[in-house]
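Please look through the sequence and the structure shown here.

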Amino acid sequence: MKSKKSFFRTVEPYLYLVPVMILFILFVFWPFVKTIQLSFARTTPLGQVAQYVGLDNYTNIFTDGTFLNSLVTTLKFSVMRVILSIVIGFILAIISTEKIRAKGFFRTVYALPMAISAAAASVVFMFIFHSSLGILNKVLGTHIGWLTDKKYALIAVTIVSVWMAIGMNFIYLTAAIQSVPSELYESVALDGANFFQKHRHVTIPSISPTLFFLLIINVINSVQAYAEFKMMTQGGPAESTNVIVYEIYQEAFINSRFGVACSESVILFVILIILTALQFRLEKKVTY
Amino acid sequence: MKEKPYVKVAMYALNIIFAIIIIVPVVYCFNVSMMDLKEIYGGKFWPSHLTLENYTRAFQLAPFFTFIKNSLIVSGVITFAQVVTGALAAYAFAMMEFKGKKVLFYIMLATMMIPSQAIIIANYLTIADWGIRNTYAALILPNAAAAFAVFNMRQAFLTLPKEIHEAAEIDGCTNFKFLYTIGVPLIKPSLGALIIYVFLQSWNYYLWPLLVTDSVNMRTVQIGLGMLQGAEATDFRPVMAGAMVILIPSILVFIIGQKQMISGLTAGAVKG
């Protein structure tokens, strides 16, 4: 009786992990292995291995300009989106933690875009950006095809993406700013620091772990952006908004080249791992 | 600490300007959904009257009730599944001692390092292989467990005083009974946050439902909105009405659960 009970006690913890682990194996680890496997193969239109081709898929994507272009586009997009969404989120967090009335209202508004889906945001902005009927051109008195002109399309999509990303950054930065000890502010106030000096010398250094955390999260999210591109520009005009995930989608589901798409996915994974590792090293070097 | 008066005025001005900029797209979407064609061509911002005409059009052009039903089922089941699978695993990691705990915990965290978009093709091929495209199972299964949910609930369980668990054990309470009669009720606040977050996130899924469904009957609201936009290339009003229909539930959930979600999300993050 006793040994039966203790046997159960030994096994019990693992039983609790079984559902999660089965799902992770089926839908995270196994597809990860399969992605790597397919990246070395030419596939049938149904996604089965037709023939292993070694590194052919990789040499192809790096010699064909389309993929390289999508890397550059993703880089431009991510840099703009990460910087803008963190900076704006930070400004909003600062101005709404000041002693003002209707704080709750402002905070709700600033966090709200977080709840809005990329699909909904995209259709709204498609109309705002519309070249003849759009309110943006009406306000500016211009006739710019924001989403159809190569010069502006990437910037236009970035604006929508930033708008959606601000909410999360705002929430985390607000929480961080509120946890800065008030004695720190009192002591710089005694030194006669003005508004900007106060935030530069106290707020920013105090919240840098949160800034760092947000930097990682935002880079990871930016590199994986997809829905706004699919909805608003389909990678165009002239591939000017063909970011990496959209390129992967096209190779797999438009061109049925699953092997090529998988090798691009592997590159996407490698990029994310390198970025994360780099940021962790950076964090160790900088002392807060 | 006293701010100078001009700083205070500047703060109000900035808050009002930013609030307007951020909310304008949502207000404009509502306004356009109420307009007639003349107002659209006139470039008006405010509609002259309120009408549901464009909403009727939107529901005629695409089966929005079906999309909403699908999205509610899918998001509801995903949320429920993530909480159940997550609570079990989180309980083991937080409250139990066993061999390989650390390794298993890292394995679980490693799933956060594998971006979902990088494995989405392989997942699609699995679902296609199993012959379950265009089913709820296809929409739900790959999202039925998430490391974020496990991690979040583990943090919550760790904050419970160890004595509660010990006392319950002495009284002969089994782990499973403890989990659902005492453990889960005790972490309700952070659980609420998680539920809202996961629900919103799955309500807003785009790429996965796009890949695994192609029959209209199985589409979710997000894909349905895309279809509507494709069908109505010239008239934006029903599209805006459709957007409002899918925005209202998520905005409501957000406003109701905002406080809980914010404290729950930031509690587990880096202190700073």
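The largest nonpolar core of this predicted model has 160 residues. Such a core is a set of buried Ala, Val, Leu, Ile, Met, Phe, Trp, Tyr and Cys residues joined through C-beta atoms within 7 Å. A residue is buried if 20 or more other C-beta atoms lie within 10 Å of its own, exposed if 12 or fewer, and partly exposed in between, with C-beta atoms placed from the backbone. The residues with the most contacts inside this core are A:Ala120, A:Val123, A:Val124, B:Met240 and B:Ala243. Helix α7 (residues 153–178) of chain A gives the most to the core, with 17 residues. Helices (H or I, at least four residues) and strands (E, at least two) are DSSP runs, numbered from the N terminus.

Some notes on reading the model come next. Residues are numbered from 1 along each chain as its sequence is written, while chains are lettered from A and ligands numbered from 1 in the order in which they are written. Because the model is predicted, local features need pLDDT of at least 70 and side-chain atom pairs count only at pLDDT 80 or more, whereas totals for chains, interfaces and linings use all residues.

Between the chains, 71 residues of chain B are in contact with 73 residues of chain A, contact meaning that the C-beta atoms, placed from the backbone, lie within 7 Å. On the chain B side, the elements that give two or more residues are α1 (5–33), α4 (64–95), α5 (101–110), α6 (120–129), α13 (221–231) and α14 (237–267) of chain B. Across from them, A:Val124 touches B:Pro25, B:Tyr28, B:Cys29, B:Met240 and B:Ala243, leaving aside residues up to four places away in sequence.

Chain B itself has 14 helices and zero strands. Its radius of gyration, taken over C-alpha atoms, is 23 Å, well over the 19 Å that the globule rule gives for 272 residues, so chain B is more spread out than a compact globule. That rule is 2.2 Å times the number of residues to the power 0.38. Of the 272 residues of chain B, 44% count as buried.

In chain A, A:Ala225 is found in the loop between α10 (208–223) and α11 (227–232). A:Ala225 counts as buried because it has 24 C-beta neighbours inside 10 Å. Apart from residues up to four places away in sequence, A:Ala225 touches A:Phe77, A:Ser161, A:Val243 and A:Val245.

Conventions
Two residues are in contact if their C-beta atoms, placed from the backbone, lie within 7 Å.
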